[in-house]
Amino acid sequence: MTHTTENQSSFRVKVQRFGSYLSGMIMPNIGAFIAWGIITALFIPAGWIPNEAFAKLVSPMITYLLPLLIGYTGGKMIHDVRGGVVGATATMGVIVGSDIPMFLGAMIMGPLGGYLIKKFDQLIQGKVKQGFEMLVNNFSAGIIGGILTLVAFKGVGPIVLGLNKTLSAGVETIINLKLLPLANIFIEPAKVLFLNNAINHGILSPLGIEQATKTGKSILFLLETNPGPGLGILLAYWLFGKGTAKQSAPGAAIIHFLGGIHEIYFPYILMKPVLILAAMAGGVSGVLTFTVFHAGLVAVPSPGSIFALLAMTPRGNYLGVLAGVFVAAAVSFFVASIFLKSTKNTEEEDLNKAAEKMQQLKGKKSDVVASLQQKEATVPSKVKKIVFACDAGMGSSAMGASIMRNKVQKAGLDIQVTNTAINQLPGDADIVITHKNLTERAKEKLPNAFHVSVENFLNSPKYDELIESLKESRE
């Protein structure tokens, strides 16, 4: 049993890592996607203020700018700027070799270009004669980039184009069969396992953008980003929850619905996993509503805030978008309320117990508290940087870092507190704070750092315990 559970955990970590690489190529470029979405919503013939001149920006941005940014970011993740340049160069091959926005191709060629130039640099390290470094660096990047561009144009591009068309045809078939709402049966559980960015930016967004270029909008942008299911669960906790969960739910609802930080409601489901049924019911009903109203967005809304959704909503779709969000919230609230009201009064509902409950459900002995207590006894005496890390580095980790930063300042400690994506953890981090589901990956990335595992970035007792340990170590 233990061996099977460990294998499942290892597989989940691998899937999370792969998803992080996919979303890591998209997330830094979300601003460019939003810019394209705003220009599209405003200036295309069906937009708010049609303008033929400005509308000429839409096609070049989606065809060239966005895939090149993704390719550059993917290469840079592997081998800094040098990898980014080769990755972007190689991406040009798949762009020219296809007639659709080549986001999937960029996600392949960008990291591939970065990987190959990294391996070349490692191969020649220390072997280049003095004075020839710049010559070798420039020509190696140019030659490798040129070869990859040709390979992408003739080989990778057609393959990705075929894959993209197959996926698009599959999505269209699902939509035509009225089965799209059932996708949320898989999307909602995957989100809670911190695969939300991988699903949204790695799968749904590329397919949605292709649809949007043809029809001006896509319902696929609404599948993962709908804040309705999470809002309903948090409202149910506010009214029918107990202890810390009840007290923190209103603040979490505001951050989730208005700020678009969906990760904030994941711990509330993890502490009572049966509530995943509420999220699934809300997601399915929301997408069904979107389908009935033929609603869609012009571009991916990120973060998944109600404001971002409305900003990306084309003219004539506001009723359908708002209806889908609030129907999803109402259904998830109703289902979650049933489960929460049926909870026995003697059952502990505090978020601080979520880790132990989750371990029991996974069939493993709960030793989280004990292990953390042992680690806290050996907090480093000289701590200069505390880093909060989450999947994308922009949501829940930013909230946790803000809370910890205030505590550090009040304690009079001269410690830098920052947040980042888990794939970009800095090597000089003394303490790394992550959600429990991501701690294993953080330890692989920085094995020598001191790691703290929390269940809820917004409200964890581990923060105060860590501050006390830091103060004691300083004294």
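Visitor: In which hand does helix H8 pass H13, and what makes a crossing left-handed or right-handed?

Guide: H8 passes H13 in a right-handed crossing. Residues are numbered from 1 along each chain as its sequence is written, and side-chain values use heavy atoms, with hydrogens and water left out.

Visitor: Why is H8 called oblique to H13?

Guide: Helix H8 (residues 228–240) packs against H13 at an angle of about 40°, the axes lying 7 Å apart. The axes are lines fitted to C-alpha atoms, for helices over the stretch in contact, and the angles between N-to-C directions run from 0 to 180 degrees. Angles under 35 degrees count as roughly parallel, over 145 as roughly antiparallel, 65 to 115 as roughly perpendicular, and the rest as oblique. The angle of about 40° therefore makes H8 oblique to H13.

Visitor: How do you know that Ala 336 is part of the contact between H8 and H13?

Guide: A contact means heavy atoms within 4.5 Å. Ala 336 is among the H13 residues that make the contact, and the H8 residues include Ile 233 and Ala 236. Leaving aside residues up to four places away in sequence, Ala 336 touches Ile 233, Ala 236, Leu 275 and Ala 278. The C-alpha atoms of Ala 336 and Ala 281, 55 residues apart along the chain, are separated by 9.8 Å.

Visitor: Is Ala 336 buried or exposed, and what makes it so?

Guide: Buried means under 20% relative accessible area, exposed over 50%, and partly exposed in between (1.4 Å probe, protein chains only). Ala 336 has a relative accessible area of 0%, so it counts as buried. His 294 has 58% relative accessibility and therefore counts as exposed. In the protein, buried residues make up 54% of the 475 residues.

Visitor: Why is the pair of Asp 121 and Arg 82 called a salt bridge?

Guide: A salt bridge is a side-chain nitrogen of Lys or Arg within 4 Å of a carboxyl oxygen of Asp or Glu. The closest N and O atoms of Asp 121 and Arg 82 are 2.8 Å apart, so the pair qualifies. Asp 121 in helix H5 (residues 103–124) and Arg 82 in helix H4 (residues 58–96) are 39 residues apart, and the pair links distant parts of the chain. Both Asp 121 and Arg 82 are buried. A search of the whole structure finds four salt bridges.

Visitor: What makes the phi of His 294 worth noting?

Guide: Most residues other than glycine have a negative phi. His 294 has a positive phi of about 55° although it is not a glycine. It is found in the loop between helix H11 (276–293) and helix H12 (306–311). Asp 80, also not a glycine, has a positive phi of about 55° and is placed in helix H4.

Visitor: Where is confidence lowest and where is it highest?

Guide: The score is pLDDT, the predictor's confidence in each residue, from 0 to 100. The mean is lowest in helix H15 (residues 368–376), at 39, and highest in helix H13 (residues 318–341), at 94. Over residues 355–377 the pLDDT is below 50, and this stretch has 35 contacts in the model beyond near neighbours in sequence. Where pLDDT is low, the predicted coordinates should not be read in detail. The protein averages a pLDDT of 81, with 85% of the residues scoring at least 70.

Note on methods
Predicted model: local features only at pLDDT ≥ 70, side-chain atom pairs only at ≥ 80, totals over all residues. Helix = DSSP H or I, 4+ residues; strand = E, 2+ residues; numbered from the N terminus. Left-handed = near helix turned anticlockwise from the far one by under 90°.
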